[in-house]
Amino acid sequence: MSGLLQDQLPHPDCCDKTTVRRDSPDHHRGGKEPLQGLTLASHTVLEEAQKRGRLKCLKCGGSRMFFCYTCCLLVGVTPKEIPSVKLPVKIDIIKHPNETDGKSTAIHAKILASSDVTIYTYPCIPDYEKDKVVLVFPGPGAVSVQDMMQRLSEQTVRQPHHACYEPRVKRLKCDDAGGAADTAEESKSGASNQAKGSESRAFPLHRVVFIDSTWNQTNKISTDERLQDLLQVELKMRKTCFWRHQKGKPDTYLATIEAIYYFLKDFHEHCLAQEYSGEYDNLLFFYSYLHSVVTKAKTSAGKC
């Protein structure tokens with residue numbers, strides 16, 4: 001097994017069934033296996049890169065394969081060879097400082113949807129307007145994606161009308177690879193999106209926040225006062241197939257890239273009211289490939 005995947009073993013219930021069919025996956029529903037039916041770009045470029053082995057990141061010099069999880073840069077492949085995904089809403093990822101970069105799937109989202117994803121390292125958290133932003137995190141007060149828009153609309157009615165949303169100055173300086181570089185870009189993007197006028201004002205959701213950490217570390221971030229007023233959204237019906245499944249945690253606790261993907265899929269169907277045709281499947285481009293590599297390695301070792 002390559003160094004990229006050392007010590008990474010798949011969840012016992014996961015088997016590689018990745019295809020290019022245009023029906024989107026629903027993990028563990030109706031007997032279906034995970035990652036089945038994704039509409040993905042070809043993995044040939046990753047297969048060839050894996051054969052070449054690990055290379056040095058041109059920025060930090062670290063030994064990497066496919067991408068540098070420290071610098072958020074591709075390694076051994078070019079941007080033209082990797083799919084680019086456009087998202088319907090902006091994504092913020094709040095990363096725990098003790099989360100191991102090489103084990104996190106948040107970097108997948110940043111690389112594949114670079115213009116729509118920003119990574120911050122806690123305690124750096126933007127000041128959010130609660131009627132325009134949601135936090136995807138389970139809890140007693142969390143709502144489904146289906147109910148989210150109604151709740152946001154109700155909050156908007158109760159709040160003073162704002163003609164234009166301008167992100168506030170961050171309380172803390174961002175020092176992570178993604179957050180610091182993207183703060184100015186995101187501010188401009190947010191203002192640009194709102195300049196669309198009535199179309200933007202009629203659509204209450206502008207940003208979605210995800211927490212990237214082990215589940216045992218999430219409490220410190222989720223209880224931070226800057227996130228307390230955000231509407232919480234829970235993906236109750238989805239199950240993980242992450243090969244680093246955390247012992248003692250339910251299989252509804254998703255890897256970061258899984259949570260982003262499933263939120264957007266539900267958002268597309270229930271909030272945009274459009275038939276889903278694989279628009280965000282390539283967010284799982286790296287994830288599905290790594291899943292297959294880990295599963296094959298486990299099978300070869302007689303553990304599957």
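Visitor: Is Cys271 buried or exposed?

Guide: Cys271 is buried, with a relative accessible area of 18%, where buried means under 20%, exposed over 50% and partly exposed in between, using a 1.4 Å probe and protein chains only. This is a predicted model, in which local features need pLDDT of at least 70 and side-chain atom pairs count only at pLDDT 80 or more, while totals for chains, interfaces and linings use all residues. Residues are numbered from 1 along each chain as its sequence is written, and side-chain values use heavy atoms, leaving out hydrogens and water.

Visitor: And how many disulfides are there?

Guide: The count comes to zero disulfides, a disulfide being a pair of cysteine sulfur atoms within 2.5 Å. For Cys71, the closest cysteine sulfur is in Cys60 at 3.7 Å, which is too far for a bond; Cys71 is also buried, at 11% relative accessible area.

Visitor: Switching topic, where is Thr218?

Guide: Thr218 lies in helix H6, residues 218–222, where helices (H or I, at least four residues) and strands (E, at least two) are DSSP runs numbered from the N terminus. Thr218 is buried at 6% relative accessibility.

Visitor: What does Thr218 contact?

Guide: Leaving aside neighbours within four places in sequence, Thr218 is in contact (heavy atoms within 4.5 Å) with Phe137, Ile211 and Ser213.

Visitor: What is the strand order in the open sheet?

Guide: The five strands run E6-E5-E8-E7-E9 with parallel pairing, and two strands pair if DSSP finds at least two bridges between them. Strands E6 (117–121) and E9 (231–233) are the edges, each pairing on one side only.
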